[in-house]
Amino acid sequence: MSDFIRVEDLVYEYVKGEDGTSVRAVDGVSFSVEKGSFAAVIGQNGSGKSTLAKNMNALLIPTSGKVFVDGLDTSDPANVWEVRKRVAMVFQNPDNQIVSSIVEDDVAFGPENLGTDPAEIRRRVDEALTGVEMYDFRKKAPHMLSGGQKQRIAIAGAVAMEPECIVFDEPTAMLDPRGRAEVLSVIKELNGKGITVLLITHFMEEAAQADRIIVMDRGVKKMEGTPAEIFRRADELRALSLDVPPAVDMAMRLKERDIDIPEGILTIDDMVDYLCR
Ligand code: ADP
Ligand code: MG
C-alpha cells in the first residue's frame with residue numbers, strides 16, 4: 001500500500017499581532033495515511049488537530065517540515081490547486097459551510113469552481129446527494145434541514161469535487177446522536193468506496209472504527225496505532241484527558257469481574273454481536 005498523505009516533522013506557528021509573538025500549534029509531527037485507509041485524530045481542545053487538518057490541503061503551509069499529498073509538496077505554490085483537488089475538507093459547523101439557498105446549488109458549488117462542465121456537474125450532484133441519502137431534498141432550502149442533514153449536504157459538496165481524500169474536522173461535534181450516527185455511516189461508506197479518510201473527532205467510539213488512530217497533545221503526537229493498540233493504554237489516555245470508548249470501558253469492567261471479553265471489541269455493535277454469540 002502506498003501513502004496518500006505523508007507528514008514529515010511538521011511545525012506550524014501562528015504569528016500573533018505586530019510584536020511577532022507566535023504560538024506553536026503543531027510541534028514536530030510525523031505520520032502517514034495510506035491510500036484508501038481511514039485514520040482518526042484524537043486529542044483535547046487546543047492540541048493542534050484543526051491546525052493539522054488545515055495543513056493537509058494547503059489551507060495552511062508548514063512553518064517547517066513537509067506535507068506531501070499524493071507525492072505533491074504542499075509548500076510549493078505550483079501544487080496548491082492539485083492538492084486542493086485531491087483533498088476536500090468538511091468542518092464542524094454545517095451552517096458555516098453552506099453557501100446557497102437550495103441544496104443542489106450548494107452541492108454544485110465546488111465542482112463549478114473547479115470549472116467542471118454542466119452535464120458532469122449535474123451527474124456529480126445527483127450521485128453525491130444519493131450517496132448521502134439526501135437526493136429527495138435536492139430542491140429544499142438548507143436552513144430547513146436538521147444539523148445531521150445539513151452536514152450530509154456539506155459532505156455531498158465535498159464528494160461532488162471527486163477528491164481522493166476527505167479530511168473531516170469534528171464533523172459530528174454539533175450534532176445530536178442520530179445526526180452523528182448518520183454522518184459516521186456516510187463517512188464509512190465513502191471510505192468503503194476507496195476515499196482516504198482523516199477524521200478528527202472527540203468521540204472515542206468514532207475513532208474506534210478507524211484503521212489507525214493518532215493521539216495529539218499540545219501540538220505533539222503522543223501515540224499512534226490501531227484502535228486496539230491505543231485503547232488498551234487507557235491510563236495514558238486518561239492522563240491526556242481522553243477516554244476509552246464505552247464498549248472498551250465495559251470490557252475492562254467485565255474483566256475485573258473475571259468475565260473475559262476479547263480485545264478486538266471496540267464498539268457497542270461489536271460487543272452486542274459478541275455477547276449474542
Ligand atoms: P484543536 O483543533 O485541537 O482544538 P487548534 O489547532 O485549533 O487545536 O489550536 C491549536 C493551538 O493553536 C491552540 O493553542 C490555539 O489557541 C492556537 N490557534 C489556533 N488557531 C489560531 C489562530 N488563528 N491564531 C493564533 N492561534 C491559534
Ligand atoms: Mg479543532
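This is a predicted model: local features need pLDDT of at least 70, side-chain atom pairs count only at pLDDT 80 or more; totals for chains, interfaces and linings use all residues.

I found a polar side-chain atom of Thr-51 at 2.5 Å from an oxygen atom of ligand 1. I count a polar contact as a pair of N or O atoms within 3.5 Å. Ser-47 has a polar backbone atom 3.1 Å from an oxygen atom of ligand 1, and a backbone N or O atom of Gly-48 also lies 3.1 Å from an oxygen atom of the ligand.

Residues are numbered from 1 along each chain as its sequence is written, chains are lettered from A and ligands numbered from 1 in written order, and side-chain values use heavy atoms, without hydrogens and water.

I then listed the shell, taking residues with a heavy atom within 4 Å of the ligand. Among them are Tyr-14, Lys-16, Ala-25, Gln-44 and Lys-49. By class I noted two nonpolar, seven polar (Gly counts here) and two charged residues. Helix H1 (49-55; a DSSP run of H or I, at least four residues) gives the most, three residues. Strand E1 (3-16; a DSSP run of E, at least two residues) supplies at least two.

Last, I checked helices H5 (147-159) and H6 (177-192): they pack at about 20°, axes 8 Å apart. They are therefore roughly parallel (under 35 degrees).

Notes: A polar contact is a pair of N or O atoms within 3.5 Å; within protein, one must be able to donate a hydrogen and the other to accept it, and residues adjacent in sequence count only if both atoms are side-chain atoms. Axes are lines fitted to C-alpha atoms, for helices over the stretch in contact, and angles run from 0 to 180 degrees between N-to-C directions. Angles under 35 degrees count as roughly parallel, over 145 as roughly antiparallel, 65 to 115 as roughly perpendicular and the rest as oblique.
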